[in-house]
Amino acid sequence: MAERVQPAHGGAPAGETGEGATRGDGWYPLMLSMDLEPGTVAGCTVLGRDLAVWRDADGRAHVWDDRCPHRGMRFSLGVVRAGALACLYHGWRFGPDGRCAHIPAHPDLSPPATLRAAPLVAAEQDGLVWVALGDTPAHGPATGVAGQCVPVRSLAIGAPARQVAQAIGLPAGSRAGGLDRDIDGLVLAAVLPVDRARCMLHLLVAGPGGADADRDRRRRVAAWGQDLRDRVEGAEAAA
Amino acid sequence: MTDLVLHDDVLDENCYRVRLFLSLLGRQARMVAVNVVPGGAQDSPAFRAISPAGVLPVLRIAGVEVCGAGAALLALAHGTQTWLPRDPGGFAEVAHWLEFAGGPLAAATRARRIFLFGEPGDRDGLRRQGAAALRIMEDHLALRWLDGSPWFVGDGPTVADVALFPAFALSRDWEVGHEAFPALRRWMRRMLALPGFVTMPGIPDLGVV
């Protein structure tokens with residue numbers, strides 16, 4: 001059942017892939033890069049910690065705790081304006097460095113430097129947006145997959161990340177790696193632990209392939225992901 | 001002057017479906033407010049006279065009173081250039097999703113009414129069923145994306161998208177977030193950007209950047 005695996009190295013180190021009991025270290029794959037369109041913000045949860053993920057006008061991804069320092073409103077309900085993330089509640093704007101840049105109720109005020117959001121260390125690699133939890137890693141995220149990765153889809157799965165990683169044959173403790181899936185070729189799979197009971201599985205295809213071949217290949221990989229989700233959730237419900 | 005009349009409740013998701021479609025079509029209707037919460041006017045003899053089952057919304061179109069969002073959307077889509085495909089396959093697909101919007105996805109509408117207005121019902125069960133319906137939509141759109149379209153049917157928005165949209169846009173009202181539905185998020189942004197899009201209470205108007 002498990003697929004052959006190309007070993008991942010570097011930035012997806014061992015961690016409590018399935019459990020939310022302790023904060024893990026290292027890189028976590030939050031979402032597909034294609035699902036973070038320029039000028040948008042999305043919510044995301046890793047190990048029970050709510051994050052706001054947004055992309056500025058220059059195309060850079062930012063990951064902050066999902067809480068406006070003003071009144072605690074979720075940033076992920078906000079809007080990207082003028083290269084900054086604006087809170088939905090009172091419109092306070094925070095720049096890429098996390099500093100408050102503008103308060104609509106006091107347009108002439110230069111907000112103090114202490115007024116800031118909490119940016120985390122973010123990166124984009126192999127078609128995924130990543131965040132580092134714990135100490136800043138010495139290296140960027142790495143999946144061990146060489147070449148261009150084309151996104152397929154993400155799936156929410158009602159099972160611990162550990163179960164999903166095991167079912168697809170990722171090495172214990174690894175959050176991402178290449179799977180050699182025979183005629184579908186190399187598939188990059190990345191698992192995000194949402195909390196103790198839920199995870200997200202991100203799927204991409206890697207390596208050469210023309211547009212049409214790619215479409216059929218991606219459809220097959222999407223169908224496989226859906227099967228896998230239903231299988232793992234079924235096993236989880238039976239347990 | 002318009003011949004269209006909409007019996008409407010501003011907080012009702014089904015009424016919003018029709019208001020949204022009217023706006024996307026650029027059509028005006030005379031609005032008649034029905035006081036559902038807290039008035040319970042949907043059960044009054046006067047309202048039952050036009051909607052015997054007490055169903056909202058009611059659209060008066062071509063001299064006929066049409067009850068329920070699905071029927072009203074279909075009546076408005078009839079004869080439009082793009083909102084209702086003319087080819088048999090496309091039409092069948094739209095019919096499929098209209099049935100879905102009034103069937104499995106109705107759990108989402110009912111869950112929202114329990115969470116927002118304290119109506120009686122199986123809170124957790126309906127929330128679970130509503131989330132399961134959203135997952136079916138997510139799976140469909142994830143595959144559509146691989147075919148090169150962000151819409152439910154064909155290459156552009158249809159009345160199916162309008163029927164399905166509010167349940168996802170309002171899902172936070174019944175405590176289902178958008179994190180698990182990246183394909184629906186992508187679709188929602190495109191809905192928000194359609195010319196004539198209008199919002200309702202509970203849907204932030206963020207899309208027009």
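Predicted model: local features only at pLDDT ≥ 70, side-chain atom pairs only at ≥ 80, totals over all residues.
Let me begin with strand β3 of chain B, residues 58-61, which is joined by three bridges to strand β1, residues 5-8 of that chain, the two running antiparallel. In this pairing B:H7 stands opposite B:V58 of β3(B). β3(B) also pairs with strand β4 of chain B, residues 64-67, again in the antiparallel sense and over four bridges, and here B:I61 stands opposite B:V64 of β4(B). β3(B) and β4(B) form a hairpin with two residues between them, and in that turn B:A62 has a positive phi of about 50°.

In helix α2 of chain A, residues 211-238, A:R217 and A:D214 lie three residues apart, about one turn of the helix, and their side chains meet in a salt bridge at 3.6 Å, N to O. Are these two partners buried or exposed? A:R217 is buried, at 8% relative accessible area, and A:D214 is likewise buried, at 10%.

A salt bridge in another setting links A:R60 with A:D58, where the closest N and O atoms are 3.9 Å apart; A:R60 is partly exposed, at 46%, while A:D58 counts as exposed, at 66%.

In chain B, B:R113 forms a salt bridge with B:E119, with 2.9 Å between the closest N and O atoms; B:R113 is buried, at 12%, whereas B:E119 counts as partly exposed, at 33%. Finally, A:R153, A:R229, A:D230 and B:D139 are joined into one network by salt bridges that share partners.

Technical notes
Residues numbered from 1 in each chain as written. Chains lettered and ligands numbered in written order. Heavy atoms only, no water. Pairing = 2+ DSSP bridges. Salt bridge = Lys/Arg side-chain N within 4 Å of Asp/Glu carboxyl O. Buried < 20%, exposed > 50% of the residue type's maximum accessible area, 1.4 Å probe, protein only.
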